[in-house]
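These are my notebook entries on one structure. I set down what I looked up, entry by entry.

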Amino acid sequence: MYLLQLFNGLSISSILLLVALGLAITFGLMKVINMAHGELIMIGAYSTYLTQNIFKAYLPASMFDWYFVLAIPASFAIAFVVGLILEMSLIRFLYGRPLDSLLATWGVGLVLQQLARSIFGAPNVAVTSPSWLDGGLMIMDGTLLPYKRLFIIALVIACLVAMYFYIYRSHEGRRMRAVMQNRDMAACLGVSTRRVDAMTFAIGSGIAGIAGCALTLMGSIGPSLGTYYIVDAFMVVVLGGVGKLVGTVLGAMGIGMFNTLFEYWTNASLGKVLVFVCIVAFLQWKPMGFVAMRSRSLD
Amino acid sequence: MKKRLFYQLGLLLVAFALVLAGCGGNNNEPASTNGEASKVTDAPAEDGIKVGILHSQSGTMAISEVSVIDAEMMAIDEINAAGGVLGKKIIPVLEDGASDWPTFAEKARKLISEDKVATVFGGWTSASRKAMKPVFEELNGLLWYPVQYEGLEASPNIFYTGATTNQQIVPSVTWLLENRGKKFYLLGSDYVFPRTANLIIKEQLKAEGGELVGEEYTPLGHTDYATIISKIKEAKPDVVYNTLNGDSNVAFFKQLKDAGITSKDITTLSVSVAEEEIRGIGVDVLEGHLAAWNYYQTTDTPTNKTFVENYKKKYGDERVTADPIEAGYTAVYLWAAAVEKAGSTDVAKVKEAAKDLEWDAPEGKVKIDGETQHIYKTVRIGEVQSDGQFKELWNSGEAVKPDPYLKGYDWAASIQPTE
Amino acid sequence: MLQQKWTPQRIWLLVGYAAAAAALFSAPMFASDFRLNLLAKFLAFAIVALGLDLIWGYTGILSLGHGIFFGLGAYAMAMYLKLEASGGMPPDFMGWSGLKELPYFWKPFENFGFAVAMGILIPSVLALVLGYVTFRNRIKGVYFTILTQALVIITTTLLVGQQAFTGGTNGITGYSTILGASLGSADTKRVLYWITAAVLIAVFILCRYIVGSRFGKVLRAIRDGENRVRFIGYNPAIYQMVIFTISAAIAGIAGMLFVLHVGIISPSMLGIVPSIEMVLWVAIGGRGTLIGAALGAIAMNWAKSEFSTAYPEGWLFFMGGLFVIVVVFMPKGIAGLIGQIKFRKKRKEEDHEGIRNPAV
Amino acid sequence: MKESVILQCDDVTVEFDGFKAIQGMNLKLEKGELRFLIGPNGAGKTTMLDVICGKVRPSSGKVTFDGKVDITRKKEHQIAELGIGRKFQAPSIFPSMTVHENLEIAMRQKRTVFATMFAKLGDDERSRIDYQLGMIGLRSKASWRAGGLSHGEKQWLEIGMMLLQEPEILLLDEPVAGMTDKETDKTGELLHEIAQLRSIVVVEHDMEFVRNFASRVTVMHEGKLLKEGSMDEVQGDDRVAEVYLGKRRDADVSRSTA
């Protein structure tokens, strides 16, 4: 049973991580408090819903199971484009004003939610998960590890690896880090900061889209989907230490594991309270999160 | 110095304008702001009867409530097409409760005291009803509340057209004990309806020989049920009695299926999952699970046939009807019938006329109970089929008399309100 | 203001304030009962906005947890009202939650004075404790903001979960009288409105005093450069703690008034959404100006009320869009906009005087 | 002579994530002394000031103020209250407040919440501020927003704020950076004037300024004390010439961070 709890904890951590990864970029690297992140997740989920409907309508039933393979890049792409538009029309005015970005993007979130309500209707929509993700891996004494949860763990790892290579190994990534660390200097060296900003934000949004796609396997798809995850996602990033991928992973693991433990020992409501109390206490102890960066500047 | 002062003066001017706009503007010409209220209201206001429709059109509860608005509007249109009430057209005034309880109270107050509506159809959550109740009692308005709820209430200014506990929960528990097993696991969202419902169920289980093997509440908006499902597995219940709210149902049922538990392994009976919710959860995960309601789209009555047809014709073929939708629709007709009988929209007269009023609703014959202002309803237990519709497994035969305080049940003596 | 001279402008300003106060107090004469009730609610919101402006506009701390302080004040008053309605018996929701006895911590709330004191004290003490630990640990900016959100989650989950003691999601509603006077009667409502207006004016004067004092200058210095303040010899943590506590107390007072006018308090009023909305009132009105904050609260709520009536389906587009535009393109809000117009006009006249600070 | 030592740093070591910015630095400052701290970029000069004013905690070593108070465990505001004032490299004034307000809150006074809440600007305080305004030449701009001042004026304002603070020791990090020659000379004279009453430590890159105004100079290199003495002694030292004076100075372009 403890094995299963461990797995559950891992699974919750992976979902949290997936939800927070995009935020780790937009908030962690760019210092934009994007409250519309949840709505970008929602966009990813609705993209999956649309992909499913297109498959249902235009392709033979035998092909249906493969819609999900296409849905992941589709969600990424759509959320990417929305993120790009958002950055170019709005976010670029907000660099260096993190608290203002919080308020403005909250307004954006409201609009996107209502937009979803107008387009898709207020009720939830259903996404049928592909049959190859049904069932699970049976390991001893009837403990079943659902394929969907395993799939999400794998997806997170894939995203992490891709992000790692993009940020730390690619040419584009190097520019991105340069801009995030010293905008003026990067600009002096001929890096187009406008372009890099837009790309970075869009990639963060795209990853939120992937998260939305994955979440269709686990939960509801409706206009308010994003609101369920947004606060948790911020907690993950802050707990981990802003600006560090490793920190985000640790943050997600910490919250996921403790959540499962507390929920198992007490109940869901109390478990949630305890987790948040722990976060508050932890931040008192280490205000900069698990992985902190020191600086010598005055502020 | 000068600039500062001019600047403050400017602000003060704006303040003035606002205060005046906020309070003064309206009194002189009460119709003006109401005129904007809905496009329909611009029609001749004199020879119509205004009614309020107050549900959440935004926020988390919009998921459920928007369909009820549709049903109520349809009933109003039908009645108007048939000549209206007392020879006058019904004019709906729409307001958004925005899933926020104080907003419900505010809008209720506006509908009664500003728009002077004859009655209001509205509310979904218990909290929204509790928020509106004092307003209706204070201003002597009339509210028709269309959703099943936890009982223990009977306001003289509210008509309850959804089921109270003895028309849904109590009979379903009895049925489950007789047909599915004795070991119950109670799972609900952390709010008033599930907690009160489970309080009742626990007493009933004690009295009728059931066994409680677990009880769990999850915060509203909870999205991961892995831990709860392992707890359920450990407890090995025969029945999971599910009072989860809206979105949580989706996560719970999807993850229940992934954990390898089907309706054959454990029976789940839900009281908040209707046809509408099935569409959002997906038939693939819900097939075979049970629900307890008073109405299904498949309920076989002549009125229901035309009701479903008209609803689909009006709002689209893919739409479905469900219990609260039907209860909202019924509420409008019951009110109209009461007004016709009373010959007036006066609250006291309508209430008097509504006593023992009968109507052939889509769910079957319903009757208003004068004492509690609830309605007699038939209890039905249904099983989700692969087409997303319910198959009725059992019904109570005749309409059950509403008993919101469960006075007719000895075991419920301890759950009376203290006041 | 170095020398307080009776310049004509100053007199005009005082006349303006007096007229505004008079307008506030005479509103019951031309407003319908419903409108008066709405206005009273907005005035309560304006009070929170003032408190919020103290910490955000003047000290640079963004709290997304003011809903809690507002709510706790409201709950204190609601407990009193509920006990008065139930005649000291356990209120209805305790009954259907299986609680037969009135819990010990409810009992003192039968006393009106005690309830009012608690409505101020509980939020203050909570803010003091939170402020003490976080500001001492130099948690600031975004981190503080997110911490307050965590606090919101904790408080609301607890309030919802402890249904037997708090009324759960339904909150506490169904009151009858206050100090024996019926809450439903028009006279009581008018008196309550006047009390609210008076409290608003009192809080406004208090805030003006704070902002104008040297204490207020230190707060602005903290906003400009917290570390620099430290090297001058002030302990910013204490200042932040004190102003945060004052702000929370003001929110608690506003909460108590809110309950009197609205007749319900529930955990949803303490949630993240209302807390952000409160900040937005200040943002839209104009952070860093007290009148702006109060006006923002009144204007936004009035707009919300009107638009949600006029366009029940689309009002969120409008509100969301407004938030975005104001925050992004008018960081100083309505007050800033008016300031700009005035400024531009004046500038033509005194073109050569350079950039003067409007504060002196 | 012992009682005239106002500040003594013994064996101070500072580590940043394993990197030793200062290694066993000693520094003794006497009352009324004007001391210049020089050295190439990265020598640890600014960090040394940070240690004294409490911004950075040394990993080992001791800083004693006025012969009795160990200030290494005290917080910044407590150290400031004791009488150590700090001027940062980049002018750090409060930009949204007026020049007058900047001076008002910096002025030596009771700094408790209660005291500031009910403080009234008395005649005495007003004349102190007015005197200071005259000294830093900003009297005509007293009601300007400090953010609108020129760079040099900001530097002056900050010095003025420090003087109103009336500290025993002034720590100045490149006070003449960005000033015109005339302003620089004026600053130098001002420093000498102040040093009559107080002790001053100046970190400076501008060697001409150091040559013109320094009495005693401490040279740091790689976190250690390299040489201490009069300007002539320092200039004559081979090692100093090698690590510092021999190189061309380009302080205005590549500046070590504050």
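Does Ser99(B) count as buried or exposed? I looked it up: Ser99(B) counts as buried, because it has 25 C-beta neighbours inside 10 Å. The rule I applied calls a residue buried if 20 or more other C-beta atoms lie within 10 Å of its own, exposed if 12 or fewer, and partly exposed in between, with C-beta atoms placed from the backbone.

**Basis of the entries**

I note that this is a predicted model, in which local features need pLDDT of at least 70, side-chain atom pairs count only at pLDDT 80 or more, and totals for chains, interfaces and linings use all residues. Residues are numbered from 1 along each chain as its sequence is written, and chains are lettered from A and ligands numbered from 1 in the order in which they are written.

**Loop residues of chain B**

I located Ser99(B) in the loop that lies between strand E2 (89-96) and helix H4 (101-113) of chain B. Helices (H or I, at least four residues) and strands (E, at least two) are DSSP runs, numbered from the N terminus. Ser99(B) is not a glycine, yet its phi is positive, about 55°.

I then turned to Gln373(B), which sits in the loop between strand E12 (364-368) and strand E13 (375-376) of chain B. Its phi is positive at about 60°, although Gln373(B) is not a glycine. Gln373(B) counts as buried, with 23 C-beta neighbours inside 10 Å.

With 16 other C-beta atoms within 10 Å, Thr301(B) is partly exposed. What is Thr301(B) in contact with, leaving aside its neighbours within four places in sequence? I found Pro362(B) and Gly364(B); two residues are in contact if their C-beta atoms, placed from the backbone, lie within 7 Å. Thr301(B) and Pro362(B) are 61 residues apart in sequence, but their C-alpha atoms are 6.3 Å apart in space.

**Helix pair in chain B**

Two packed helices are described by the angle between their axes and the distance between the axes. I looked up helix H3 (residues 62-81) and helix H13 (residues 323-342) of chain B: they pack at an angle of about 35°, and their axes are 8 Å apart. Axes are lines fitted to C-alpha atoms, for helices over the stretch in contact, and angles run from 0 to 180 degrees between N-to-C directions. The crossing of H3(B) and H13(B) is right-handed; a crossing is left-handed if the near helix is turned anticlockwise from the far one by less than a right angle, and right-handed if clockwise.

On the H3(B) side of the contact I listed Ser67(B), Val68(B), Ala71(B), Glu72(B), Met74(B), Ala75(B), Ile76(B) and Ile79(B). They meet Pro324(B), Ile325(B), Gly328(B), Tyr329(B), Val332(B), Tyr333(B) and Ala336(B) in H13(B). By class, this contact of H3(B) with H13(B) has twelve nonpolar, two polar and one charged residues. In this classification Ala, Val, Leu, Ile, Met, Phe, Trp, Tyr, Cys and Pro count as nonpolar, Asp, Glu, Lys and Arg as charged, and the others, Gly among them, as polar.

**Helix pair in chain C**

At what angle do the axes of H1 and H8 of chain C cross? Helix H1 (residues 8-30) and helix H8 (residues 186-212) of chain C cross at roughly 165°, and their axes come within 9 Å. H1(C) and H8(C) are therefore roughly antiparallel to each other; angles under 35 degrees count as roughly parallel, over 145 as roughly antiparallel, 65 to 115 as roughly perpendicular and the rest as oblique. Their crossing is right-handed.

From H1(C), the residues Ala21(C), Leu24(C), Phe25(C) and Pro28(C) meet Arg190(C), Tyr193(C), Trp194(C), Ala197(C) and Ile201(C) of H8(C). I counted eight nonpolar, no polar and one charged residues in this contact.

Chain A has eleven helices and two strands, in the order α-α-α-α-β-β-α-α-α-α-α-α-α from the N terminus on. Buried residues make up 57% of its 299 residues.

For chain C I recorded 15 helices and four strands. Of its 360 residues, 61% count as buried. The C-alpha atoms of chain C fill a box of roughly 75 × 50 × 45 Å, taken along the principal axes.

**Between chains**

Among the five pairs of chains that touch, the most contacts are between chains B and C. Chains B and D do not touch, and their nearest C-alpha atoms are 10 Å apart.
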